[in-house]
Amino acid sequence: MTFEAGVTPPDRLLTWVDIDEHFRALAVQGAWPEWLHEASAYWDGVELTVGGDPSREEIWSWLRHAIGPLSVDTEAATILLDPEGEDQALPLTVRAVDDHLPTPITRRLEWTDSRIVRALSQPLQAPESAALPHNVSFSAFHSFKGGVGRTLHTVALAHRISAERGARVLLVDADLEAPGITWMLRAQGIRIDFSFSDFLALLHGSIDGDCTKAVQVAQSYLVNQEADGIFVLPAQRNPERFGQPRIEPRHLLTPRRSPYFLTESLAELTAYIGADVILVDLRAGMSELSAPVLLDPRVKRIFVTTLSDQSVQGTVHLLGELGKRAPSVRDTDPVPAAIITQFQSRNHADLVGSASSAIGEAIAGVVKGSEADETTRELVSDPILSPFNPSLLALPAAWDDVRDALMSNAVADTLEPLALELTQGAEDALFAETPAVESVAADREKLALFAADFRYAESGKASGRAFLRTDALLSLASSHKTDLPIEIVVGAKGAGKTFTYLTMCTRGDWRTFASDIGVEGVQVDAPLVPVLAAQYLGDEPRERIESIRESAIRSLSETEVTAVSNLQDFLKDNLRENRTDSEWRRIWLVCLARAAGISGAAVETVEEDLVDLAARKRAVFVLDGLEDIFQDFHRDQAQQRALRALLTGCPDWFRSLRGRPLGLVAFVRRDLVQRAIQQNSAQFLARYRNHALRWNQTEVLRLVAWTADQSDALKLPPGMDLHSASDDQLSEHLLKIWGKQLGTAKSKEARSKEWFLAVMSDFNGQIQARDVVGFLAEAARLTAEESKWPDRLLSPSAMRAALKACSDDKVASIGEEIPAIKAVFTKLRQLDSDERKVPFDPEKLGLGLEDVELLSSSGVIAQVKGEYWMPEIYRQALGFKAMRRPPVLSIHKELRRRSGDL
């Protein structure tokens, strides 16, 4: 026969226990032959239960392979123990059973199975009902080690749910050996007439798994054991009583009861006393006291750990066991959570990152049968971080004092995501009335059409409309009420440079632009003079720009307006010559002068020409589309010198003019700046940081809300001002766009907002406006006539599909705009699918140092501890697969370090 390649004989067989454990390990690995049903080892022998009538030779051949050829005596039918000796052999007997009359073997909810059977390789039998009785929200706190803050966080969550969310909580101290909550009640002097031990005893004495009497008795006492809106069920009536509990949870695991009798009975009790949520504080370690609760996949299992290696690895191991025994299989099964405690954010960032990655990956392994994307798995399994708080090192004894200590620090705040999840069923539905499918379909069409028009500024359909007031534009206008702007507006590709350029130019003059943004009191005015524009502008916006330039020339010059020569050709011709920095400054000034109607401007006399203009008139020159001229800026030093002269030399010359009668606003891509000003790029970017087109998460949410409002698909609530709206207000409003989660309220899916922000970000921490609007257009189009999600405009499946389309578009567009990146993308796409994995080694993918630098500066990749990762917005289109959970915290720390935030 063919044996399992992964079967490894044990190193030592000292006693029958080693044989028993080895058979157990083989069963868990699924390494038993088909004919073996059960294996049992005792102090005086070993017994195998087989079916299918295997031959004696087949049985002993497998044993020699599984246990080791020198540990099996075939002739004597014994298994030999170490060390050698006459009494070191255990006789083996084989018991045959009829395969047609199988004896059902019910596994118990225990860590240590009493019988070693083939079924150990399979998960435990799932509960018959997908939900606990009365849909009670059930959560259990556990830790591999004690002293990590498990009880503290259990109590903090109970207070958070009760005080902040108005839900009623049943708090159970199920740590029967070292109760903590019980001592708090005792020190407070709270009356304790009924305990968890009493409830277990009543359940143990129940008939045929009927918990009615136990629930009724418990309710009559629990009404007197309420503190701060929390019903408290202590471990024992007398916490000073030591010794092994008389009745343990495992004693309830009898054949005539449901395997999930304890959790179902606790859920019945929760509903009977009128509570919404039950929180259980379990015994630490791999204790059988905790097994019947942790092994119910309907329970929200929360694991608390410090950064201690033993604690982290123990938690990972425990989660691995849950993944094998009681995974979250059904869509309604909650995803386990983890809380990392007792660390200092500044000193332990790397340890937090590695621990979060290991634990998050283990949590993701508990979630089975999910088709969620990698980002969803990452978000739903991301540990909660609860930093060290010295005031909680020595907790007070009494309940009220503990509550006051928790209220005075941020522990409860960190648990808000858990509080929100556990109280979803208790909250009122977001939509009291479900809108008609026809109405939702019409709104989706409005959103799809508007966003599609608005996606590309070059279409010309959106440039004349109202625009979103961003912090960058408000800063630009409000900083120049009494003088004209001399500013470099930096933004990554897709950040909205061209749209903002068109928006600014179409206002005609500086004061009108500021007023339309909402900045009043501008005391200086000047016509806006378009100098350069992006080549890919459509005919309509290009004609509009020409009209605006002609209007500006008429206001600046008394001579007849003549056509402006092709400035791009003028610049390209000069790139063929070896020009100095000062020459390039004057070349740029020539472009500005000619755009203002000084057709005879020349390099030798342009400064005098502009000084003469400044003595008579005011003007603001506006430039965009620089990347069209400097397409080889990564390698060509002449192009870098030309750019540097525009970004530094020209502004300095403009500032030298008394009274600053001339203004300059140049829209430039961030990577052009970094290449042109290599030595002091960070200092340069910091100088213009307030006006940079950099979309933070709040502004991205504003853009989503603004787009929906402008399309008439989802109007803003009366009185809501987008610019002053808080994150919470925006998030609440946008629930009507994408719902709370990428699925139903009880599904194990990521929250829609967090997923959206995560998948749209690159590794420069940026989200581009074009990507956001494109995503909305595609997701609304794909949702189309769906009737399954009438409570939202975008369905989960459409959002996931839109991400792929958005990723494809982003990779294509950045490749068109930066040929050097396009070449690298082409190289990556030509790799075999087995090679396209993250993390990756650039050398193995054929990437040189220049390629890596280019991709890193563009936010396409990031290096953490020698490994390179890729964000979702690029990974999808390039076909890279994530081999393990990315170290999110480490990546973000590295990004903050690069940007100067650390």
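A residue counts as buried under 20% relative accessible area, as exposed over 50%, and as partly exposed in between. Keep that scale at hand. Note also that this is a predicted model.

Begin with Asp-712. Its relative accessibility is 42%, so Asp-712 counts as partly exposed. Look for Asp-712 in the loop between helix 27 (697–710) and helix 28 (727–738). Its backbone deserves a glance too. Asp-712 is not a glycine, yet its phi is positive, at about 70°. Most residues other than glycine have a negative phi.

Now move to Arg-660. Here too phi is positive in a residue other than glycine, with a value near 45°. Arg-660 sits in the loop between helix 24 (637–655) and strand 18 (662–669). Is Arg-660 buried, exposed or partly exposed? Its relative accessible area is 29%, and because this lies between the limits of 20% and 50%, Arg-660 is partly exposed.

Next come the peptide bonds. Most peptide bonds are trans. The bond that joins Asp-82 and Pro-83 is cis, with omega at about -10°. Pro-83 is found in the loop between strand 4 (78–80) and strand 5 (89–96). Another cis peptide bond links Val-838 to Pro-839. Its omega is about 0°. Pro-839 belongs to the loop between strand 19 (837–838) and helix 33 (849–857).

Stop at the second largest cavity, which holds about 210 Å³ of space.

Its lining is made up of 21 residues. Nearest the centre of this cavity are Ala-492, Lys-493, Ile-814, Ser-858 and Tyr-874. Which of them gives the most? Helix 31 does, with four residues.

Nine of the lining residues of the second largest cavity are charged. Eight are polar, and four are nonpolar. Among the residues nearest the centre is Lys-493, and Lys belongs to the charged class.

Methods
Residues are numbered from 1 along each chain as its sequence is written. This is a predicted model: local features need pLDDT of at least 70, side-chain atom pairs count only at pLDDT 80 or more; totals for chains, interfaces and linings use all residues. Side-chain values use heavy atoms; hydrogens and water are left out. On a 1 Å grid over the protein atoms alone, a cavity is a set of points where a 1.4 Å probe fits but cannot get out, and a pocket is an open set with protein on both sides within 12 Å along at least five of seven lines; lining residues have an atom within 4 Å of a point. Grid points are joined across faces, edges and corners, and a volume is the space filled by probe spheres set on the points. Helices (H or I, at least four residues) and strands (E, at least two) are DSSP runs, numbered from the N terminus. Buried means under 20% relative accessible area, exposed over 50%, partly exposed in between (1.4 Å probe, protein chains only).
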